[in-house]
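Please read the points below with the sequence and the model open beside you. They begin with individual charged pairs and then turn to the chain as a whole.

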Amino acid sequence: MQIEGQVPAERQAPPAWLSWSIWGIAALFYLAGFYHRVSPAVMTDELMRAFSIGAGSLGNLSAFYFYFYVAMQIPTGILVDSWGARKLLISGSIAAALGAVLFGATDSFAVACAGRAIIGGATAVGWLVVLKLATHWFPARRFATLAGLGLFAGNIGALTAQVPLRLAIQHFGWRPVIFVSAAGVLCVGVLAMLFVKDDPTDDGYISYAPPTAHRKDVKIWELLKGFKRIFAYRNTWLIFFAQGGLVGSILAFTGLWGAPFLRARYGMPQTKAAGVCSIMIVCWAVASPICGALSDRIGRRKPIYVGGCVLAAIGWSAMFYIDNLPLTLFVAIAAITSLASGAVVIGFAFSKESVPPQFLGTISGTTNIGNMIGPTFLQPGIGWILDRTWSGTINHGVHVYDLHSYRSGFVLMVAWLVMSSILLSLTKETYCRQSA
């Protein structure tokens, strides 16, 4: 019986604890995906020995995650609009766990690449589900903030894959640790099965999503046509190519080549090198929600976005090419560069506001492809240059590369960031409103 004056449940907004709980499970899956994404960084020696490979092959082994992550973005953008977040979370968790088991159990390089590919394809759903649930369970004015918090959660996963993962590998070996990681991501799928709902209306509350986001009968060819349509908007392709410079640089460094570079330049042991990368990840994680919230607060996207990209380009250049740079100063510049890179999160809100709202899943997937083409090309590209400039030194079965080789490879990062800065300067401001 309804009490007089009481608002019916179907007209009430969902309680905050429920919105945060459901969104938090998606963020936890994204955390797990980010952990698997960067985990090879602290086991480069072990992987080189286990599969008898050099830098080029190691770059490809790590990048197989990104190859299939990118390949799955368009299908995921379609499925998140038509199939729903809950099913994607459950199926993605199961597939990622299976891929991790395959990667950890094999002695074959080809099978290990297949395992990384499965993990990448499965965790490709994570970011889009985070954004989709944010759209349905929270007011639109909080979208950029939630995107920043989602990236913060991912960076916590990356942080876990630095010093803690390295210590675990030293104590238990890399294969057992991978198996435990598989069990962890499977547990997230169980939580999604028990608690996640696609929309507040499934629990009798009002939805925050625009009416066009509730369509479940969208045809695949309609969505593919929509994917083509969104590139008619200038901001889409400018942001698409710019994102890769920011994300690719920090993931190529902290996710694979940072630790061996620090050993070559400063003679650091692997655990301490992982600690430097951890500082960078923490700074990136902290900056992401701050940049998103600050952009929401000032009502503009472009100033913080462009400024962060320019500062990142300057920072990486200083880190790599200033001779006799003291370690303390290197770490300070690395921290500032990582803070500046947090501006990348603005790209999701910026691109979302630049196209019609019915293409939320499609534009989110497109922007995420832009993110991932960065590490997809930079990780193996840097490895290829390392092999081409390798002096032939081998230490206990591991290829050793000198400082000149790393500086040659890192030219790719700096060049992309310069291009990103130019592209972002050409974008059209949306003033935090749906402009299309």
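1. Arg-300 and Glu-429 form a salt bridge, their closest N and O atoms being 3.8 Å apart; the term stands for a side-chain nitrogen of Lys or Arg within 4 Å of a carboxyl oxygen of Asp or Glu. Because Arg-300 lies in the loop between α13 (270–298) and α14 (302–321) and Glu-429 in the segment after α19 (411–425), the pair ties together parts that are 129 residues apart in sequence. Arg-300 is partly exposed at 36% relative accessibility, whereas Glu-429, at 11%, is buried (buried means under 20% relative accessible area, exposed over 50%, partly exposed in between, with a 1.4 Å probe and protein chains only).

2. A word on the basis of these values: this is a predicted model, in which local features need pLDDT of at least 70 and side-chain atom pairs count only at pLDDT 80 or more, while totals for chains, interfaces and linings use all residues. Residues are numbered from 1 along each chain as its sequence is written, and side-chain values use heavy atoms, with hydrogens and water left out.

3. Glu-353 forms a salt bridge with Arg-301, and here the closest N and O atoms are 2.5 Å apart. Glu-353 lies in the loop between α16 (346–352) and α17 (360–388) and Arg-301 in the loop between α13 and α14, so this pair ties together parts that are 52 residues apart in sequence. Glu-353 counts as buried at 6% relative accessibility, and Arg-301 is buried too, at 3%. Asp-296 joins Arg-301 and Glu-353 in a network of salt bridges.

4. Asp-107 forms a salt bridge with Arg-175, with 2.9 Å between the closest N and O atoms. The two belong to distant parts of the chain, 68 residues apart, with Asp-107 in the loop between α5 (85–105) and α6 (109–123) and Arg-175 in helix α10 (residues 174–195). Asp-107 is exposed, its relative accessible area being 63%.

5. How many salt bridges does a search of the whole structure find? The search finds eight.

6. For the chain as a whole, the secondary structure comes to 19 helices and two strands, where helices (H or I, at least four residues) and strands (E, at least two) are DSSP runs numbered from the N terminus. Buried residues make up 58% of the 436 residues. Among contacts (heavy atoms within 4.5 Å) between residues at least 6 apart in sequence, 85% join residues at least 24 apart.
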